[in-house]
Amino acid sequence: MKSLKITDSAKNYFYSVITFLSIIIIWQIIVEVKDIPQYILPTPTDIVEVFIQDYKNLFLNTIVTLYETILGFILALTIAIIIGILMDFLPILKKCFYPILLVSQTIPTITIAPLLIIWFGFGTLPKILMVSLTCFFPILISFVDGLENIDKDYLNLFKTMKSSKLQTFIHLKLPMSMENLFSGIKISATYMVVAATVAEWLGGTKGLGVYMVKAKSAYALDKVFASTIIVVIFSLIFVGITQIAKKLIIKHK
């Protein structure tokens with residue numbers, strides 16, 4: 001039965017790979033046959049050449065973006081967990097601020113980026129804060145919902161055992177809210193590289209976003225595609241790391 005599941009999974013990946021390769025081949029053929037200029041639509045081989053010829057610039061700018069992304073994510077995760085715990089221990093905080101946090105999610109983060117650049121300059125700090133703001137809300141809301149939706153029978157059991165609030169949190173609430181917490185982390189992991197890149201678009205000296213803007217201004221769309229591919233790859237990598245961490249931390253019976 002297990003081998004059958006593996007086979008089905010392998011087939012799904014096989015179909016996806018074949019479809020992806022077919023799209024790449026069709027793309028290459030259409031651009032060459034129609035003789036579409038590179039500044040309108042580059043071929044896949046043009047994009048591959050960018051990785052070969054301009055790998056140093058791509059590497060240096062990628063390092064900058066990853067630095068901003070990882071620091072921003074760590075900051076968001078730390079603050080979200082601390083605030084989530086405080087809201088659980090002090091319900092008045094949740095009553096005061098949770099509705100505001102929910103409403104604040106409707107504000108597009110791209111409108112906040114120019115303000116951060118005006119307030120904090122063109123360095124790495126506004127990019128880190130942009131990533132933190134993007135990641136913070138999904139993590140916090142998922143974590144708080146997980147802490148809130150604990151089965152009442154379990155809570156009553158801990159009360160009958162005369163467990164303190166801290167003991168209940170450590171041994172019941174925190175373990176049972178990890179599923180929700182990782183759901184929020186997964187959502188954040190999907191968007192955190194994009195958030196750093198968008199912040200770099202609006203102002204900066206280094207990073208994939210700056211690289212994209214310069215390439216766009218020069219009508220070098222092959223470089224734009226190359227940097228976009230890097231963003232997609234690292235977004236998938238971070239989602240994969242989240243999945244691995246979830247399996248390692250959450251023990252299934």
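Helices are DSSP runs of at least four residues, numbered from the N terminus. The model described here is predicted. Just after helix H7, Lys162 takes a positive phi of about 55°. At the other end of this element, the start of H7 (residues 152-160), a side-chain oxygen of Asp151 comes to within 2.9 Å of the backbone nitrogen of Asp153.

Positive phi values also occur in loops. Most residues other than glycine have a negative phi. Asp35, which is not a glycine, has a positive phi of about 55°. Asp35 sits in the loop between H1 and H2. With a relative accessibility of 65%, Asp35 counts as exposed. Tyr219 is another non-glycine residue with a positive phi, near 55°. Tyr219 belongs to the loop between H9 and H10. Its relative accessible area is 58%, so Tyr219 is exposed, the cut-off for this class being over 50%.

The largest nonpolar core holds 44 residues. Within this core, Met130, Cys135, Phe136, Ile139 and Met192 touch the most other members. Two or more core residues come from each of helices H2 (44-53), H3 (55-89), H4 (91-104), H5 (109-120), H6 (125-148), H8 (165-202), H9 (208-217) and H10 (221-249). H8 supplies the largest share, 12 residues. In soluble globular proteins, nonpolar side chains tend to be buried together.

The surroundings of Phe136 illustrate the packing. Beyond its neighbours within four places in sequence, Phe136 is in contact with Ala76, Ile79, Ala80, Ile83 and Leu101. Residues up to four places away in sequence aside, Ser235 touches Ala189, Thr190 and Val193.

Val17, Phe20, Leu21, Ile25, Ile29 and Val33 form a nonpolar surface patch. Together these residues have about 590 Å² of accessible area. One of them, Ile29, is found in helix H1 (residues 2-34). Ile29 is partly exposed, at 45% relative accessible area. An α-helix has 3.6 residues a turn, so residues three or four places apart point the same way.

Charged pairs were then considered. Side chains of opposite charge can pair when their charged atoms come close. The whole structure contains 3 salt bridges. In one, Asp88 pairs with Lys173, with the closest N and O atoms 3.0 Å apart. This pair links distant parts of the chain: Asp88 lies in helix H3 and Lys173 in helix H8, 85 residues apart. Asp88 is buried, with a relative accessible area of 14%. Lys173 also counts as buried, at 14% relative accessibility.

Another salt bridge joins Lys94 to Glu148, where the closest N and O atoms are 2.5 Å apart. Here too the partners come from distant parts of the chain, with Lys94 in helix H4 and Glu148 in helix H6, 54 residues apart. Lys94 counts as buried at 17% relative accessibility. Glu148, in contrast, is partly exposed at 48%.

Glu179 and Lys246 also meet through their side chains in a salt bridge, at 2.8 Å from N to O. Glu179 in helix H8 and Lys246 in helix H10 are 67 residues apart, and the pair again links distant parts of the chain. Glu179 is partly exposed, with a relative accessible area of 34%.

Technical notes: Residues are numbered from 1 along each chain as its sequence is written. This is a predicted model: local features need pLDDT of at least 70, side-chain atom pairs count only at pLDDT 80 or more; totals for chains, interfaces and linings use all residues. Side-chain values use heavy atoms; hydrogens and water are left out. A polar contact is a pair of N or O atoms within 3.5 Å; within protein, one must be able to donate a hydrogen and the other to accept it, and residues adjacent in sequence count only if both atoms are side-chain atoms. A nonpolar core is a set of buried Ala, Val, Leu, Ile, Met, Phe, Trp, Tyr and Cys residues joined through side-chain atoms within 4.5 Å. Buried means under 20% relative accessible area, exposed over 50%, partly exposed in between (1.4 Å probe, protein chains only). Contact means heavy atoms within 4.5 Å. Patches are made of residues with over 30% relative accessible area and no salt bridge: like charges are joined within 9 Å, nonpolar side chains (Val, Leu, Ile, Met, Phe, Trp, Tyr) within 5 Å. Accessible areas come from the Shrake-Rupley method with a 1.4 Å probe; for residues, only the protein chains shown count as cover. A salt bridge is a side-chain nitrogen of Lys or Arg within 4 Å of a carboxyl oxygen of Asp or Glu.
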